[in-house]
Amino acid sequence: MSPNILTYNKYADALNERFGCRVQKVSVNAGFTCPNRDGSKGKGGCIYCNNRSFSPPYCNPESSISSQIEEGIRFFSKYKSQKYIAYFQSYTNTYVRGNGSTDSYSISDSDFETLVAKYDEALRHPQVVGIAVGTRPDCVTERLLDYFAELSAKYYVLVEYGVESTDNRTLEVINRGHTFEDSVWAINETARRGIEVGAHLILGLPGEEQPAAALRHAKEMSLLPIDVLKIHQLQIIRNTVLCDRYMLAPDRYPLFTLEEYIELLIDFIENLRPDIALDRFISQSPSEWLVAPNWNIKNFEFVHKLEKQMLQRHAYQGKKFVG
Ligand code: SF4
């Protein structure tokens, strides 16, 4: 990759190339829950999580999947997208209920049918070309992955895993309820079946020393067969365990300034495998939920700043990647 042509590999461009037009993800809330909240894997959830802070306003779990997709298409109509990917985003979208075991995950036949019916409903929409399914790495089974593999022959299917950190100590601190080894297993099993794999990471989680932790994450993720990566900064969101802790001792939870985050992100991207498509760099929770950091920046403004700084630093994806 030449720094003069492209600073990093953009997921939007990859989709555009694949489908020959602009493709937009529309979020759907299928009314699922999360095993880290209902006691199957843990209670209380990840310490930073408040799902209401990242569900788009057009997602109402009381509406059908088709109505939510219609709403989403109306919401994005100004961008003149022609095709859409239904993004099962809220909570854990391969999980209907626990099986009574905290160790191994299985899906009953009836729950399997429930999941398939939700994905099928999305895929029946005439403008939907595929699905993106956000989930935890400890909530997929061989049978479900086989089903996604079959579906991939006809539609675009992306399974997106919340990895969050490659450090097991951090995963414990954030009460994630799974290990990095779980992520490695799920990612390998998904890729092995020819299904597109996405991963999600949070930079700046409590206890992680920067920039060393971010560089380690870049190295570890580059070793895995992922196609798409989403990254965002740690945010303190109201009504979370992390928020309570932060309020008591803010100095123990250092947060990035916008400038610090951009510099760290560039270091991260330079160390990342060049073919991984990058989907997103920041999360912006609505002001009523966000405690800190308040950067007050729109996504496109952030991307502009990042690209400008990358050009100034002569940085590009994979510049320091050692394969
Ligand atoms: S971040 Fe995901 S896995 Fe963690 S509590 Fe929230 S919904 Fe569950």
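## Parallel strands, nonpolar cores and ligand shell

Strand β5 is covered on both faces: Glu196, Gly198, His200 and Ile202 on one side, and Val197, Ala199, Leu201 and Leu203 on the other, are all buried. Buried here means under 20% relative accessible area, exposed means over 50%, and partly exposed lies in between, with a 1.4 Å probe and protein chains only. The model is predicted, so local features need pLDDT of at least 70 and side-chain atom pairs count only at pLDDT 80 or more, whereas totals for chains, interfaces and linings use all residues. Residues are numbered from 1 along each chain as its sequence is written, and side-chain values use heavy atoms, with hydrogens and water left out.

### The strands

Helices (H or I, at least four residues) and strands (E, at least two) are DSSP runs, numbered from the N terminus. Two strands pair if DSSP finds at least two bridges between them. The following table lists paired strands.

| Strands | Sense | Bridges |
|---|---|---|
| β2 (residues 83-88) and β3 | parallel | 5 bridges |
| β3 and β4 (residues 156-164) | parallel | 6 bridges |
| β4 and β5 | parallel | 6 bridges |
| β5 (residues 196-203) and β6 | parallel | 6 bridges |
| β6 and β8 (residues 277-280) | parallel | 3 bridges |

Tyr87 stands opposite Ala132 in β3, and Thr135 stands opposite Tyr161 in β4. The chain passes from β3 through helix α4 (residues 142-152) to β4 in a right-handed β-α-β crossover. A crossover is right-handed if, with the strands pointing away from the viewer, the path from the first strand over the helix to the second runs clockwise. Glu164 has Leu201 in β5 as its bridge partner.

On the β6 side, Ile202 is opposite His232 and Leu203 is opposite Gln233. β5, helix α7 (residues 212-222) and β6 also make a right-handed β-α-β unit. Lys230 has Arg280 in β8 as its bridge partner.

How many residues of these strands are buried? For β3 (residues 128-135), 8 of the 8 residues are buried, so this strand is largely enclosed by the rest of the structure. β5 is mostly covered, with 8 of its 8 residues buried. β6 (residues 228-233) is likewise mostly covered, with 6 of its 6 residues buried. In a regular strand the side chains alternate between the two faces of the sheet. In β6, Val228, Lys230 and His232 lie on one side, Leu229, Ile231 and Gln233 on the other, and all are buried.

### Nonpolar cores

In soluble globular proteins, nonpolar side chains tend to be buried together. A nonpolar core is a set of buried Ala, Val, Leu, Ile, Met, Phe, Trp, Tyr and Cys residues joined through side-chain atoms within 4.5 Å. The largest such core has 89 residues, of which Ile131, Phe148 and Leu229 touch the most other members. Helix α9 (residues 258-270) supplies the largest share of this core, 8 residues. A second, separate core of 13 residues includes Cys21, Val129, Tyr156 and Val228.

Contact means heavy atoms within 4.5 Å. Residues up to four places away in sequence aside, Ile131 touches Ile85, Ala86, Phe88, Tyr119, Ala122, Leu123, Phe148, Leu151, Tyr156, Val157 and Leu158.

Ile65 belongs to helix α2 (residues 65-75). Because its relative accessibility is 4%, Ile65 counts as buried. Apart from neighbours within four places in sequence, Ile65 is in contact with Val28, Ala30, Phe88, Lys118, Glu121 and Ala122. The C-alpha atoms of Ile65 and Asp120 are separated by 9.7 Å, although these residues are 55 residues apart along the chain.

Lys219, in helix α7, has 61% relative accessibility and therefore counts as exposed. Between Lys219 and Asn271 the separation is 52 residues in sequence and 6.6 Å in space, C-alpha to C-alpha.

### The ligand shell

Which residues are around the ligand? They are Cys34, Arg37, Gly45, Cys46, Cys49, Asn51, Tyr91, Arg136 and Arg176. A residue is near a molecule or strand if one of its heavy atoms lies within 4 Å of it. This shell divides into 4 nonpolar, 2 polar and 3 charged residues. In that division Ala, Val, Leu, Ile, Met, Phe, Trp, Tyr, Cys and Pro count as nonpolar, Asp, Glu, Lys and Arg as charged, and the others, Gly among them, as polar.
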